[in-house]
Amino acid sequence: MSESERLSVFKTYKLYVGGKFPRSESGRVYEVTDSKGRWLANAPKSSRKDARDAVSAARKAFGGWSGATAYNRGQVLYRVAEMLEGRREQFTAEVAASEGISKAKAAAVVAATVDRWVWYAGWTDKIGQVTGGANPVAGPFFNLSTPEPTGVVTVLAPQDSSFLGLVSVLAPVIATGNTAVVVASERSPLPALSLGEVLATSDVPGGVVNILSGGTAELAAPLAAHQDVNGIDLYGADETLAKELEIAAADNLKRVLRPSPVDFSADPGIGRLTAFLETKTVWHPTGSLGASGSGY
Amino acid sequence: MAFEYAPAPESRSVVDIAPSYGLFIDGEFTDAADGKVFKTVSPATEEVLSEVAQAGAEDVDRAVKAARKAFTKWSALPGAERAKYLFRIARIIQERSRELAVLETLDNGKPIRETRDADLPLVAAHFFYYAGWADKLDHAGFGGNPRPLGVAGQVIPWNFPLLMLAWKIAPALATGNTVVLKPAETTPLSALFFADICRQAGLPRGVVNILPGYGDAGAALVAHEDVDKIAFTGSTAVGKAIARQIAGTDKKVTLELGGKGANIVFDDAPIDQAVEGIVTGIFFNQGQVCCAGSRLLVQESVQDELLDSLKRRLSTLRIGDPLDKNTDLGAINSAEQLARIRTLADAGEAEGAERWSPECELPSSGYWFAPTLFTNVTQAHTVARDEIFGPVLSVLTFRTPDEAVAKANNTQYGLSAGIWTEKGSRILAVANKLRAGVVWANTFNKFDPTSPFGGYKESGHGREGGRHGLEAYLDV
C-alpha cells in the first residue's frame, strides 16, 4: 500500500502537567487551524482547574529543581536540545503549518530554536558568577550575594512565534532554577504541546515545566491572581490584558515582566534570565586579627 | 550594688532648627501652593520642633517639572563631574554629621548612640560609594553606556529618615537621574537639612527636590505621568497599592517593604553572642526596622538557658531620653505608631501568648513602649505573623534544622533572617534554604553601601545598595 492510499494516524494533543499528559479537566477542546484555515488538530482548552493543577505541580517540583546543582541543570537542559534535534522534522512541519511559513523558513526557525535552547543550557552555571559576587563591606565580614530563583513563574508564550518565541521565554525561566507554567500561543499551540513530549522524554523532572493550551486571557487571569505563583512573564498578553494581569499580580507582589517587542532572532541578552532571580546576601563574620594586626 | 549611670545628654546647641521650613523645589525653598503647613514634633517630648510646608499635587507637579528640566543637563554631565558633586555631598555630611545626628534624634526619637554611630556614618558612606560609580557605569555589568531613566519619584519612611534618603538619592544621582523625594510626615527635617547640603555642594538646581508631606503627596508623585522611576520604602500594603497603580505603565519600580525576620538560634550557638544579636535584631531602632529579627526561633534544648539570659540582658537596657548617650531605647516615632504597636501586642496577649517586659520606668510625656517578649507563641498567632514595627519579640521553638527552616519560611515576607550556630556548614546549609534577601550569620542588622539589600516574596521588588542597586536607576 502506497503512502497516498494509507490513512494517516492523527495525533491527540494533550496538556503537559506534572510530567504527565492529561486531557483538560474541562473536557473541552478547540480547533487549531493552519494559516489558511484548514483543520490541523483539536487542542485541549484548559480550564482554571488545569491552571491550578499546573501551579501545584510546579510548586512541588521547585525544591528539587532549584536545589539541583547548576551543572546538573545544564546537563538536563542540554539533553532537551539533543531530543529537539532529533525531532526537527516534526517541529518544522508544525511550525510551517501553524505560522504559515515555508518549510525552508520553518526549518531555519527550528534550528534557531534548538540553538537557543543550547545557549540557555550553558547559562545555568554562569549566571551566578555574572550576577552574584563578594561585596567588600567595611567590616570583618564575608559578604556574598548569590542569585536564586524566585519560585513558580507563569509564562504567557508569544502568540506569533509559536516555537522560537516559546523557547526564548521558557528556557531562561527554568535555566535559573524556577519552575514554569506555560500558556501556549492561543492560535498556534501545537509546537508547545509537542515540546511537552520532548521534555517528558528528556531528563527534566516532572512539574518543572507545565504546558497549557487554551484561551490566554481565560488562563492568565487565575494564574496572575494565584497566591502561589511568584512571577509572571506577560509577553503573550495584549496591552489591555497585560495591565489587568499586572494589577492582579500586585496582590502578592509577583515579579512581573511586562510585554515589550522582542526580535527573537537577535541575541537574547541576559534580561530574561535575571527577570526572575532574587539576590540573597549572606553576611558571615570573618573574625579579625589581633591588635598587632598580624596573623603570622 | 549597681552603679547608676550619670546623665550624659548630647548638646542640642549644634543644631539650629528654624521655626518654619518650605518645600525645596528647583533649588529654592518655597511655600506649598495651597499654603498648607504641618508641625513636626519630637516623639520623646511631644515638643513642636518646627512647622513645615505640606506638599500637595500641585507642588508635586512643580517639582517633577523642575526635575525634568534639570535632567537634560545633569544626565549629560560627564560621570566624573557628577561623581565630584556626590563626593562633595559625602564630605559635607561628614563635616555636619554631629549636627545631623542630633537633629535626627530630635525629630525621630531614636537614641543619639544610633544616629551618631550607625545612621550618619552609613549616610556618608552611601554617598561615597555611589559617587565612585558615577564615572564607572560602563563597568557595572549592564553593558556599555547604560542610560539613566529620567525623573525618579522617591518616597521614604520615618524609621531611618536620612539613611533612606541616602539609599535613594545617591544611586539615582550617580546614574544621572534627577529626583523628587518625599520624606515621611513625622520626620521631614533631616531631608530639609539635606537640601541645604545640596546648596552648599553647589548642586545644580532641580536635580534634587524635597517635598515634605503626607501619603496624598506620595500618591500624586507615584501617579505623575512624567515620573519614570518609583522607589518606595514602607509598608507592604502601600507597596501593593503602588504596584497596582503603575500597572500598564513604563515606570520602573523598586519596593522595599515589610518583614517578619526569623532569628534562628541553634543549640550549639554561643549563647552570650546570640543574646546580643537578638537584642540588636529586634531592639535596634526600637524595633522599627523592616528587617528586624522579630521572630526568635530557638532550639528547644537551649530555650530556657537562652530566655533566662535574654531576660537578664533586657533588664539592663536603658530606656529614655534619646539625646542621652547612655540610652539604648528611644521613643516610638509617633502616637499612631505607638497605638498600632499596642493593639498588636494586646492581640498577642488575647490570643494566649505570654507577655514579658523588664521592670522599667517610661517617661511621662512622649511615645514610649517597653521592650517586650512573647513566649508560648504559635505560628498562627498574630504576633508571629504580622509585622509589628516596634520593640516586640515573639519566641517560637524548633527541634530540627528542617523544622527551623520550615518555620522561618512560613511567612508572606522574605526580607531578612539570622542564624546562630558555631557550625559553618550549618550556617551555609540553612542560609541556602531560607527564602530571604539578607541572611546574617552570627550577627544581625549589619548594613553597608556595597551590600545589596532587599526582599523575596511580599517584602518587595529589587535591591538597593551595591552594584545591584544601580540597575534600578538604569535603562537595562
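A: Start with E4(A) and E10(A), which are joined by nine bridges and run antiparallel. The model is predicted: local features need pLDDT of at least 70, side-chain atom pairs count only at pLDDT 80 or more, and totals for chains, interfaces and linings use all residues. Residues are numbered from 1 along each chain as its sequence is written, chains are lettered from A and ligands numbered from 1 in the order in which they are written, and side-chain values use heavy atoms, with hydrogens and water left out.

Q: What makes E4(A) and E10(A) a pair of strands?
A: Two strands pair if DSSP finds at least two bridges between them. E4(A) and E10(A) have nine bridges, so they pair. One of the bridges sets Phe142(A) against His284(A) in E10(A). Strands (E, at least two residues) and helices (H or I, at least four) are DSSP runs, numbered from the N terminus.

Q: How do you know that strand E3 of chain A pairs with strand E4 of chain A?
A: E3 (residues 133-134) and E4 (residues 141-149) of chain A share two bridges in the antiparallel sense, and Ala134(A) has Leu144(A) as its bridge partner in E4(A). The requirement is at least two, so these strands pair. A hairpin of six residues joins E3(A) to E4(A).

Q: Which strand of chain A is joined to E17(B), and in which sense?
A: Strand E10 (residues 277-285) of chain A is joined to E17(B) by three bridges, and the two run parallel. Within E17(B), Val438(B) stands opposite Thr281(A).

Q: Why is Glu278(A) called buried?
A: Buried means under 20% relative accessible area, exposed over 50%, and partly exposed in between (1.4 Å probe, protein chains only). Glu278(A) has 3% relative accessibility, so Glu278(A) counts as buried. Glu278(A) lies in strand E10 of chain A. Not counting residues up to four places away in sequence, Glu278(A) touches residues including Arg255(A), Gly455(B), Tyr456(B) and Arg463(B); contact means heavy atoms within 4.5 Å.

Q: What makes the pair Glu278(A) and Thr150(A) a polar contact?
A: A polar contact is a pair of N or O atoms within 3.5 Å; within protein, one must be able to donate a hydrogen and the other to accept it, and residues adjacent in sequence count only if both atoms are side-chain atoms. The two side chains are 2.7 Å apart in this contact, so the distance meets the cut-off.

Q: Why is Asp251(A) with Arg244(B) called a salt bridge?
A: The term asks for a side-chain nitrogen of Lys or Arg within 4 Å of a carboxyl oxygen of Asp or Glu. The closest N and O atoms of Asp251(A) and Arg244(B) are 3.0 Å apart, so the pair qualifies. The count between chain B and chain A is three salt bridges.

Q: How many residues form the contact, and how much area do the chains bury?
A: Chain B gives 43 residues and chain A gives 33 residues. Together they bury about 2,900 Å², 51% of it on carbon and sulfur atoms; buried area is the accessible area (1.4 Å probe) that two parts lose on being put together, summed over both.

Q: Is Pro183(B) buried or exposed?
A: Pro183(B) has 1% relative accessibility, so Pro183(B) counts as buried. Pro183(B) sits in the loop between strand E7 (178-182) and helix H6 (189-201) of chain B.
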